[in-house]
Every structure is written in C-alpha cells, then in structure tokens.
Amino acid sequence: MPEGAPKAGRGRRRLLWAAALAVVVGAGATLGFLTTGGDAPALQTHAPRTPRVAFHPWRTTIVERPSGHDAEMPYCTAGAGAVFCGQSGLPAARLSPDSGAVTWRHEGPPAGPEAISPTAPVLSGGFLYVFTADGKRLLALDPAPHGNGAPRWSLDVSGYEGGAAVVADRILLTAADGTVTALDTTTHAQRWRKRFPGHRLPRFRTYGDPRTAYAAETLTTGPAPATRLTALDPSDGTVRWSHQLPGTLTLAGPSASGALFLTVGDPTYDGDVTGVLRYDPATRRTRTLPLAAPLRGVAAAVHGETVYLLAEGGALQAVGERRWGTETSVSRGSSPVISGNHLFFTAADGRLLAVDTTTGALLGQTRPRLSAARHNGFLQAVPAPALDPAHGRVYAASPDGTVFGVPTADPGTW
C-alpha cells in the first residue's frame with residue numbers, strides 16, 4: 001500500500017476496500033501461524049458481493065490401504081487454512097477444510113515393530129511438526145500448499161528419555177537426568193536449558209494459553225504417592241509456581257479463573273479415578289469434587305469452571321459448576337473437545353458424537369465406519385476430533401482410515 005493518505009474520491013474508496021481486505025486476510029491467520037500469498041488482486045470500486053458458500057460434509061481417504069487392512073485412525077489438527085492429518089507410514093497430509101481434497105502427502109517408511117502410537121501434527125513457528133513412525137526423529141515440514149510437505153529441519157530425539165514435545169513456540173526435550181532443553185520452533189536455536197527441582201522426568205503441555213505450560217509428575221519414592229505440579233513460561237523457562245500435593249493426580253486443565261483441575265487416582269486400583277481436585281495455586285487451597293461413581297480409563301477436558309470426564313464404557317460426567325451424568329454407550333472414546341455448549345468426542349467404531357454441555361443430552365452422532373478387515377485389531381488410542389471454531393466445523397477420523405468434516409452448529413443433521 002502506498003504511503004500517505006489517498007486523495008478524495010476514488011482513492012478513498014480504494015482505502016476502504018483495502019481495509020476490508022485486511023480484515024478478511026487477518027481473520028484467516030489462525031493458531032499464530034503466518035501465511036504469505038502472491039500478489040494481491042486489483043481492487044475494484046464497485047466489486048460485486050460474493051455470496052457465502054455453504055459447507056457440505058465430506059469424507060476423504062488420505063492413504064489407500066489394501067483390502068482387509070487392520071483398523072487405523074488418522075490424527076488431525078486444524079489451522080493455517082487447512083486440515084493436517086497423519087497416520088502410520090504417512091507423517092502428514094494437507095487437506096482442504098472445505099472439500100477434504102488432499103493437497104499434498106509427506107510419506108515416510110512403513111511402520112515397523114518399533115512404531116509408536118501416532119500423534120496429531122502441530123503447527124508452530126511457521127512449520128508443521130511431526131514424528132517419524134518409530135518416534136526417533138522430529139521433522140519440521142513446510143505446511144504451505146505449494147510447499148508439498150517438504151522437510152525443512154529434523155532432529156534425532158531418540159536420546160531423550162523424557163520425550164520431545166512442541167509446546168507453544170518451543171520444542172521441549174527432556175533428557176534422562178531430567179534436564180529440559182528448549183528450542184525455538186522458528187529458528188531451532190536453543191533458548192534455555194534447566195532442571196526443575198522435585199521432578200524426575202517432567203513433561204509439559206499447554207491448554208490454549210501459550211504463556212503457561214504445566215507438568216504433573218507422580219512421585220512414589222516416599223511412604224505415600226505425591227504429585228509435583230509446576231507451571232512455567234515456555235518462552236524462557238521461568239517457573240511461575242511449583243507445589244507438591246499428596247495423591248496420584250493427573251492434569252485435566254486450567255479453569256477460567258486460573259485454578260487447576262486434576263483427576264484423583266485410586267491408590268488401590270490402578271487406572272480408576274475417584275474424584276476431581278480443584279487447586280488454586282495463588283492461595284494453595286484445594287477442594288475435592290466427588291464423582292457419582294468411580295471411573296476407569298478417564299479422558300478429561302475443562303471448559304469454564306466445569307470438568308467433563310469420559311470413561312471406558314461410555315459414562316460421561318460433568319463436575320464443577322455444572323453437574324450431570326449420562327451414558328453414551330461407547331466402549332472406548334477419545335478425549336473430549338468443547339466448542340460453545342457442544343462437547344465432541346470420537347468413538348473407537350468411528351462415530352463422532354456431540355453432547356450438550358449444559359444438560360448432557362446427546363445432540364447427534366455420525367454412523368460407525370469400521371475397517372473392512374475381518375478382525376479390526378486393537379487401537380492403542382482413539383484420536384480426539386479437531387475443532388475449527390472460526391468456521392463452525394469439526395474434523396474426525398474413523399478406523400477405516402478416512403477423515404471427515406461436519407458442521408458443529410446442528411449435530412442432529414449428521
């Protein structure tokens with residue numbers, strides 16, 4: 001745009017069109033990912049209004065498997081104007097969010113006996129981060145449509161016993177001695193390196209706020225189990241607070257007020273959850289929220305001041321500001337994701353279900369999509385749906401290897 005204010009008349013109309021275009025372009029940049037395009041189209045003083053294109057549900061197979069192939073569910077994330085999915089032997093594929101058409105595929109070697117459970121690709125620093133099938137290398141791919149998923153950087157992470165994770169704008173690498181090294185996701189330069197007292201192998205994660213990451217590590221060296229909780233700023237490693245609480249606790253997520261919700265594990269039955277702990281790090285006060293019944297194999301999500309817990313067998317409970325319980329008849333489900341008053345999760349048979357967060361009522365579900373194999377095999381985990389709240393869409397995967405997109409507004413029409 002030329003410098004200085006345009007003159008009256010046609011110049012003023014150009015300025016108004018340029019401002020409108022800037023709003024549209026700015027709205028397309030999500031998750032902190034910056035995109036660059038080609039030359040801007042010429043602005044017209046009397047451009048016709050473009051009608052909004054209706055979204056039609058779609059379903060795509062990103063990898064053609066031989067007939068009878070075992071069940072396999074892709075892991076997906078949405079952002080930067082696309083849907084990115086990965087699965088065994090295919091670290092990443094770029095899909096159109098409007099049609100599901102595959103823009104490019106980045107293929108890797110077939111998964112061998114050392115294959116790990118896939119994880120969803122992560123957008124950060126202008127790259128798409130994925131792990132190889134054996135989990136030994138972290139790759140930074142070019143996510144742009146014309147980038148074809150080309151690798152721009154890679155790192156051997158096999159020597160980090162505590163694992164590697166992309167957390168906000170940092171790559172956190174945890175060594176066997178507990179030392180955490182942070183690399184910049186844009187430049188890959190080291191930003192900090194330190195150990196965290198009270199932790200053996202800390203694993204940090206964020207919950208939507210890039211300025212705060214949390215780690216909860218259960219320690220069993222004393223007479224009774226205790227959990228060390230630490231919150232830090234991932235940009236520079238500054239510890240915001242670090243406290244130790246009794247019991248076996250697992251992070252569920254922070255509340256809207258800054259408190260932290262954790263599930264409480266049963267000390268006698270491994271895998272059972274007996275309650276939810278609300279912890280205020282500012283006052284160090286705790287409050288236990290009881291469950292209607294113990295739950296096994298829980299996946300939890302926090303929204304506002306409520307924790308939603310989905311257990312093996314399909315029991316779904318809301319604890320906190322909202323309290324209700326319902327049965328979903330799902331043998332195994334994914335972690336829930338929440339948008340507005342809708343809670344979404346994927347079932348092991350390929351269904352996507354939507355539940356009203358205020359009442360627990362089932363709002364809708366898609367049909368099952370199982371693998372064509374005689375024996376579908378066992379899925380190590382069920383991937384969570386990927387939300388695109390800006391466009392009112394949710395993307396999910398099925399055991400037949402397909403990915404599909406549906407609108408979030410009216411699940412009853414699925």
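**Cores, disulfide and strands**

Modeller: The largest nonpolar core has 14 residues, and Ile62 and Leu95 have the most contacts inside it. This is a predicted model.

Colleague: Which strand gives the most residues to this core?

Modeller: Strand S2 (75-79), strand S3 (82-87) and strand S4 (90-95) each supply at least two of the core residues. With three residues, the strand that gives the most is S4.

Colleague: How many residues are in the second core?

Modeller: The second core is separate, and Leu310, Trp324, Ala347 and Val355 are among its members. Its residue count is 13.

Colleague: Which cysteines form a disulfide, and what is the S to S distance?

Modeller: The count comes to one disulfide. It joins Cys76 to Cys85, with an S to S distance of 2.1 Å.

Colleague: Is that disulfide right-handed or left-handed?

Modeller: A disulfide is a covalent bond between the sulfur atoms of two cysteines. The torsion about the S-S bond of Cys76 and Cys85 is about 110 degrees, so the disulfide is right-handed.

Colleague: Are Cys76 and Cys85 buried or exposed?

Modeller: Buried means under 20% relative accessible area. Cys76 has 11% relative accessibility, so Cys76 counts as buried. Cys85 has a relative accessible area of 0%, so Cys85 is also buried.

Colleague: Where is Thr179, and is Thr179 buried or exposed?

Modeller: Thr179 lies in the loop between strand S11 (170-174) and strand S12 (180-184). Leaving aside neighbours within four places in sequence, Thr179 is in contact with Leu173, Thr174, Arg193, Lys194 and Arg195. Its relative accessible area is 6%, so Thr179 is buried.

Colleague: Why is S12 largely enclosed by the rest of the structure?

Modeller: In a regular strand the side chains alternate between the two faces of the sheet. From S12, Val180, Ala182 and Asp184 point one way and Thr181 and Leu183 the other way, and all are buried. S12 is largely enclosed because the buried residues are five of the five.

Colleague: Which residue has a positive phi in the hairpin of S12 and S13?

Modeller: S12 is joined to strand S13 (residues 190-194) by four bridges, and the two run antiparallel. Ala182 stands opposite Trp192 in S13. This hairpin has five residues between the strands, and the residue with a positive phi, near 65 degrees, is His188.

Colleague: What is the order of strands in the open sheet, and which are the edge strands?

Modeller: The open sheet has four strands in the order S17-S18-S19-S20, with antiparallel pairing. Strand S17 (249-254) and strand S20 (285-296) each pair on one side only, and the edge strands are therefore S17 and S20.

Terms used:
Residues numbered from 1 in each chain as written. Predicted model: local features only at pLDDT ≥ 70, side-chain atom pairs only at ≥ 80, totals over all residues. Heavy atoms only, no water. Buried < 20%, exposed > 50% of the residue type's maximum accessible area, 1.4 Å probe, protein only. Contact = heavy atoms within 4.5 Å. Core = buried A, V, L, I, M, F, W, Y, C linked by side-chain atoms within 4.5 Å. Disulfide = S-S within 2.5 Å.
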